[in-house]
Structure formats: structure tokens, C-alpha cells
Number of protein chains: 2
Amino acid sequence: MSEISILERRFPGRRAGLKREILLQALACFNESGIEATTIDAIKARCETSVGAIYHHFGNKEGILGALFFTALDDQHEHFVHYLERAGTLEEVVFSVVLSYVDWVVKHPDWARFQFQARSSIVKGPHYQELKERNTKTYRELKEKFAAVGSAQKIAPPFELLPSLIIGASENYCRAWLSGRVQTSPKAYGEQLASAAWRSIQG
Amino acid sequence: MSEISILERRFPGRRAGLKREILLQALACFNESGIEATTIDAIKARCETSVGAIYHHFGNKEGILGALFFTALDDQHEHFVHYLERAGTLEEVVFSVVLSYVDWVVKHPDWARFQFQARSSIVKGPHYQELKERNTKTYRELKEKFAAVGSAQKIAPPFELLPSLIIGASENYCRAWLSGRVQTSPKAYGEQLASAAWRSIQG
DNA sequence: TTCGCAAACAGAATAGTATTCTGTTAAGAA
DNA sequence: TTCTTAACAGAATACTATTCTGTTTGCGAA
């Protein structure tokens, strides 16, 4: 299970065993019943542990959300960076962004589904600042890459619009796929989504 | 206040006065504090009413969410239909979809913000079926319009992808604007978003 | 090996919030 | 006017997150 390896990379070692188990079962609960409908008791039952243990490790429900959310975000970001490295032209950068995103979602649908659900909670809660910093960081990396491959003047829309133009359609389709509204895997449309994004940013 | 006129159209008459007031204050609470953090007591206090009255009109918190959500969806849909009527070519259809969406969001930011927040709750809750039916209806209207203006063969991507390609970027940017991540009004980028959508669906 | 101690756990007690229930008032039909 | 039902009020209930208190376990130092 990819869920386990993602967790082991972020919470390694034998000591963190229960911590990982709680996160794993919480992720399952959140995806099956929704975040709000999932009770601490339900998570407790699935882990055969106690509320004390859960609160010891995470402080509160929000803490569980945060741990899961940033674990997913980190993995997604690594994936993104890995794709971006190989891009040498502006067009390849755009393709990297779209394809890395689509690939990650298809590879980890449970994490992606959770990420969509949890984002609004995170934005309101105490982890907002951390999310903002990571977004700023990714944004900066992308901007630098754009500068590195040069010829950014070939792009018509203002930079403020670019992230939405590049990733908007893919995000929308992935969300539809994760919720079952469409059947075809985003992976099958990867190239089409990427080339559509590329066309969309050209004047 | 546009919030009031939207509510009066859907819940008209003197008898529904308190009902509208509850919805109005609930909308404000949800946008200020978030849906989960808003308590029935807080809404009660702002309306100077009682929990009994609230539960009499809406059954439960979910009922308030549903009433607000579908009120917003209806208004948005009317707006959409009105724009779509005037489109005579395929390109104009795409522009109508994007511009009607962007205009509505900018015109009713509080309703739009709430809509984004509430969608996941609705999808999980008992109103899911109703939302699904409305989406199907809109989807069908769009498909018929596409057929009516003909020349749909000029479009490269499969129909399954089209909604995401057309509205994805705009939705993404509007969401960013409503949460304060970007400053420039989507209205200012309306034409650019529309033409980007149009380029993106061409082979 | 043992001692000290902090982290890891368990489960009862508490607090806050949604929901229900019972009763009262007001409005419209007959 | 009377009768019926919707509209409202507020206390009582139930559920769930969180806290608190106590116990156990792992680990470094003596």
C-alpha cells in the first residue's frame, strides 16, 4: 500500500508505529465518512487504541488533519520537483506541472481525495500559515524555473493568472474523477490536459 | 444588498421573513467563521430568535446549508442561462460560460465563497442527489447548445473533458480571489480567461 | 543491573454543541 | 368566533471533542 510508504517516510522508526497506524486509519475514516462525520471514537476503535493515545500524539482532531495534509503535500511536492528537474523548455515546464499533478493524484487517490476535503479546514485552522509558506515556496520555484528556461515573454497572460490556467482544468477534472462524476482516469487524459494548458497560456 | 434580493426571490412573502433573516445571518456566520465553527447558538443570537424556530424552518444545520446552497445555485444558473441565450457560435458559447461564471462570482462574492465551502458538505449529505440532478441538467443544456450552434467537430478533446477545460481555470482563479490569495478581480481577467478556455479546447 | 524520568498509553470525567421535546402563541380558514 | 395548523420559545437530552489523572513502558545515566 502506497499509503504506508508515504507515512513511513515522514514518520519513520518503530516508536512511531502507533502514530502511523492512527494516521492510516484516520485517512480511511475521513475518506469513507467525511471529515466532520468521523469521530475520534471511530478512529480509536479502528486502531484498537485509546483517546489518550490519539490526543497524546496529535493534540486534537485538527492535529490529525494537519499531519495527514502536510504528509500528502510533501509527497506531492517531491513528485513535482522530480518532474520539474527534467524540463528544459517552457513547454516542458508546463507539461511537467500538469503531468506530475495528474500522475500523483492517480497514484494516490486516497491521499488526493483527502487533500481536497481537508484544504478548507486547513485554511481556516491554525496551520494556515504553514500552507501559505509552502505555496509561496512552490510558486517561487516555478517562477525561477520559468526564468531559467527563458523566453517567458512568449507567454501572454500575466503571471498572476498562470497557475490557474496551467493547473485549473486538471484539478477540476481530477476532483470530478475522485468523486466519481467521471469515469475515465485523468492519467488517460494527461497529454491532452497538458497540451490544453500550454495552448491556453499562449497569446 | 444583493443577498437579500436573492433570498426574496426564492423565499417570498411576509410569512417567510424570519426564514430569510435566519438564512441571511447564517450566511454571514459561515463566511466569517467557517461552516463547522458556526454554532446554531451563534446564528440564533444574530437573529434574536430561538433554536426552536431555526429547527422548525430547517430541520437541522444541514437544512440551512442546503437552503443556502441551492438558493445560490439557482441564481447562478439563471445568470448562466441568460448569458447562454445570446450565444450564436461555439466560441460565443464558451465565452458565455466563462463570463457568466466570473460575473456571478464577482457580483455575489459572499454567496460564491459559501458555495465553495459548502459543496463538500452537500456532496456527502442528503442533498447529494438534488445537486447531481441539477448538474446533469446544466450539462445537458450545454450539450444541446453545442449541438445547436453546430460545428462541434471543430473541438478536439472528448466531451467528458470539456467542462473542466472551459471552467477549470476560472474556478481556480475565483477561488484564489475569494480567499484573498490574489488581489486582481476575476472580472478584470474575464476576457483573458474566456479566450484561454477557447484556445484550450482547440486541437 | 538498577534507578530516574520522560514519553507513551489508558480510560474516566468534563464541556460544548446539535438535536429533540414539550408547551405556548399567532394566523388564517370555516 | 372557533378551530386547526404553522410559527415560535426554551428547557431537556444526547453526542462528541477535549481534558485530566493515573499507569506503564522504553531508555539513558549511575
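The expected span of a helix is 1.5 Å times one less than its number of residues. I begin with that rule because the model before us is predicted, and the rule gives a check on helix α9 of chain B, residues 162–178.

α9(B) carries a kink of about 45°, and the kink is centred on B:G168. Most of the helix is covered, with 15 of its 17 residues buried. Just beyond α9(B) comes B:G180, whose phi is positive, at about 85°.

I turn now to the cysteines. How many disulfides are there over all chains? The count comes to zero. Since a disulfide requires two cysteine sulfur atoms within 2.5 Å, the distances can be judged directly. For B:C47, the closest cysteine sulfur belongs to B:C29 and lies 7.5 Å away, which is too far for a bond. B:C174 is likewise in no disulfide; the nearest cysteine sulfur to B:C174 is that of A:C174, at 20 Å. Both residues are shielded from solvent by the accessibility criterion: B:C47 is buried with a relative accessible area of 10%, and B:C174 is buried with a relative accessible area of 0%.

The next residue is a charged one. B:R20 sits in helix α2 of chain B, which covers residues 17–33. Although B:R20 is buried, it has no salt bridge. Which side chain of opposite charge is nearest to B:R20? That side chain is B:E8, 4.3 Å away, and a salt bridge would need a side-chain nitrogen within 4 Å of a carboxyl oxygen.

A:E48 has a positive phi, near 50°, in a residue other than glycine. A:E48 belongs to the loop between α3 (40–47) and α4 (51–58) of chain A. Is A:E48 buried or exposed? At 75% relative accessibility, A:E48 counts as exposed.

In chain B, B:E48 has a positive phi of about 50°, although B:E48 is not a glycine. B:E48 is placed in the loop between α3 (40–47) and α4 (51–58) of chain B, and at 77% relative accessibility B:E48 counts as exposed.

Conventions: Residues are numbered from 1 along each chain as its sequence is written. Chains are lettered from A and ligands numbered from 1 in the order in which they are written. This is a predicted model: local features need pLDDT of at least 70, side-chain atom pairs count only at pLDDT 80 or more; totals for chains, interfaces and linings use all residues. Side-chain values use heavy atoms; hydrogens and water are left out. Helices (H or I, at least four residues) and strands (E, at least two) are DSSP runs, numbered from the N terminus. The bend at a residue is the angle between axes fitted to the seven residues ending there and the seven starting there. Buried means under 20% relative accessible area, exposed over 50%, partly exposed in between (1.4 Å probe, protein chains only). Lys and Arg count as positive and Asp and Glu as negative; His and the chain ends are not counted.
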